[in-house]
Amino acid sequence: MTMKYIDEFRDPDLILKTSNEIHRLVDPDYHYRFMEVCGGHTFSIFRFGLQDLLPKNIELIHGPGCPVCVLPMGRMDEGLALAKQPGVIFTAFGDVMRVPGRQGTPLELKAKGADVRMVYSPLDALQLAIKHPDRQVVLFSIGFETTAPSTALTLMQARELDVPNFYVFSNHVMIMPAIRAIVESPDLRIDGFIGPGHASAIIGVHPYESIARDYGKPVVISGFEPLDLLQSILMLVKQMREGRSEVENQYSRVVPAEGNVAALKAMDEVFEVRPLFEWRGLGHIPHSALKLRPAFARWDAEVHFTVDGVAAAEPQEGQCGDVLKGVLKPHQCKWFGKECTPEHPVGALMVSSEGACAAYYHHVHLRQMAGG
Amino acid sequence: MCLAIPGQIVEMLDGDHHYATVDVSGVKRKINIHLLKDQGIQLGDWVLIHVGFAMSKISEEQAVEQLNLLSMLGESEEAMEEVKGYQFDDRQKV
């Protein structure tokens, strides 16, 4: 691999300086393991080949912050069962369209005649419901705190406009319970976290304090540019060198300490926390996901439609869970690049461009195959 | 997609300031600005857009950097497709 993009980066000199500073400050006898939680960071790291600018003894572990990657197959099956019901228009973001359930993907279902439509915004789905009053429009919503406020505001608008034929099937999850599950996982050692950028713009800086305080793991909230990520890694290295474990905000130009109060308020009005939710690869995590409050039951697909009994146990799927937790690298999965490719994904990590497997496939595997 | 899209507010669309028109690299679309109402969002401001909603107020310099970042990541086209794809713009009063 080469750093062919470095000249295009903003501040290439500062990038090299930061890289040199990381090399100077690391303990050469220690193997660092930092997790970038967010899939956007994973994508950026692979795309820019940032690992090449780091010392060999800093290992980046790719975290669970990719919404479709952590969506369990059971939820896909339930969603697709809705899509098959007569009169239903099933809507979802583009990433969801290629995620396999037991009986195929939403796109494949569409090819068989189901009314499946890709939307770019939850507001698009609401608009479809307004335009088609004779149909039942289901939004299969996914995402962390970055997206949940948008779904919440869309539901508030459905209430305001009294739209009777709009339903949300909520798969919204929260980033903190996932980080906590990873910190508490016995088979995983992480030295520090590169905190997500845009989810943190919503939740703010304070929720991470328990990770730093109670588990002794430094957290640095980071932007997405090469320089952002390198600076964040340097900040993590410095914290460890100085024996600190604190929450630092490298992305303060977008992430306010208190988060986005209006977004948190909208989420709180519309959603409540589920007692338990299944994450692909991570298993069941208590208090980790959001469902509609009873006040919004009228628009809750899980209340309006019967979906019980559709979900089955997670089938044996390569080793997605071990990759998600960073125990295995993508290419160490037995299916990687063979049964499971971006064209024919078996596991969800291969679907989204933010998934560790797809990112690794495009930016490492293909280049190696080409002798690059 | 975590990589938000930068745009500039070029028109306020209703008295309550739920909606505004943004300009993203020359493409104009309606977006929801409710989440930034408390921050006194106004004409000419730059914002980061995610799934049809303005999520954060940013500086013009950051907007340019974010566009560069999308371009370096090879995501510009996808971002423009998203903006062009918003279908909720029927100019309804909400």
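Predicted model: local features only at pLDDT ≥ 70, side-chain atom pairs only at ≥ 80, totals over all residues.
**Exercise 1.** Find the aromatic pairs and describe two of them.

*Solution.* Step 1: apply the rule. Rings of Phe, Tyr and Trp (its six-membered ring) pair if their centres lie within 6.5 Å; planes under 30 degrees apart are stacked, over 60 edge-to-face, and the rest tilted. Over all chains, the search finds 13 aromatic pairs.

Step 1: take A:Phe224 and A:Tyr251. Their ring centres are 5.9 Å apart and their planes stand at 80°, so this pair is edge-to-face. A:Phe224 is in the loop between strand 8 (219–221) and helix 10 (226–241) of chain A, and A:Tyr251 is in the loop between strand 9 (247–249) and helix 11 (261–270), so the pair ties together parts 27 residues apart in sequence. Helices (H or I, at least four residues) and strands (E, at least two) are DSSP runs, numbered from the N terminus. A:Phe224 has 1% relative accessibility, so it counts as buried. A:Tyr251 is at 2%, so A:Tyr251 is buried too.

Step 2: return to A:Phe336 and A:Tyr360. They pair edge-to-face, with 5.7 Å centre to centre and 75° between the planes. A:Phe336 lies in the loop between helix 13 (320–324) and helix 14 (356–369) of chain A, and A:Tyr360 lies in helix 14, so the pair ties together parts 24 residues apart in sequence. Together with A:Phe46 and A:Tyr361, these two residues form one aromatic cluster.

**Exercise 2.** Describe how domain 1 and domain 2 of chain A meet.

*Solution.* The assignment (automatic or from a database) gives chain A domain 1 (6–66 + 176–249), domain 2 (73–173 + 289–304) and domain 3 (320–369).

Step 1: locate the centres. Over C-alpha atoms, those of domain 1 and domain 2 of chain A are 34 Å apart.

Step 2: count contacts (heavy atoms within 4.5 Å). Seven residues of domain 1 touch four residues of domain 2 in chain A.

Step 3: take the buried area, the accessible area (1.4 Å probe) that two parts lose on being put together, summed over both. Domain 1 and domain 2 of chain A bury about 450 Å², with 76% from carbon and sulfur atoms. On the domain 1 side, A:Ala199, A:Ile202 and A:Ile203 lose the most area, together 57% of what that side buries.

Step 4: look for salt bridges (a side-chain nitrogen of Lys or Arg within 4 Å of a carboxyl oxygen of Asp or Glu). Between domain 1 and domain 2 of chain A there are zero.

**Exercise 3.** Describe the interface of chain A and chain B.

*Solution.* Contacts come first: 41 residues of chain A meet 37 residues of chain B. Then area: the two chains, A and B, bury about 3400 Å² between them, 60% of it on carbon and sulfur atoms. Finally, zero salt bridges are counted between chain A and chain B.

How values were computed:
Residues numbered from 1 in each chain as written. Chains lettered and ligands numbered in written order. Heavy atoms only, no water. Buried < 20%, exposed > 50% of the residue type's maximum accessible area, 1.4 Å probe, protein only.
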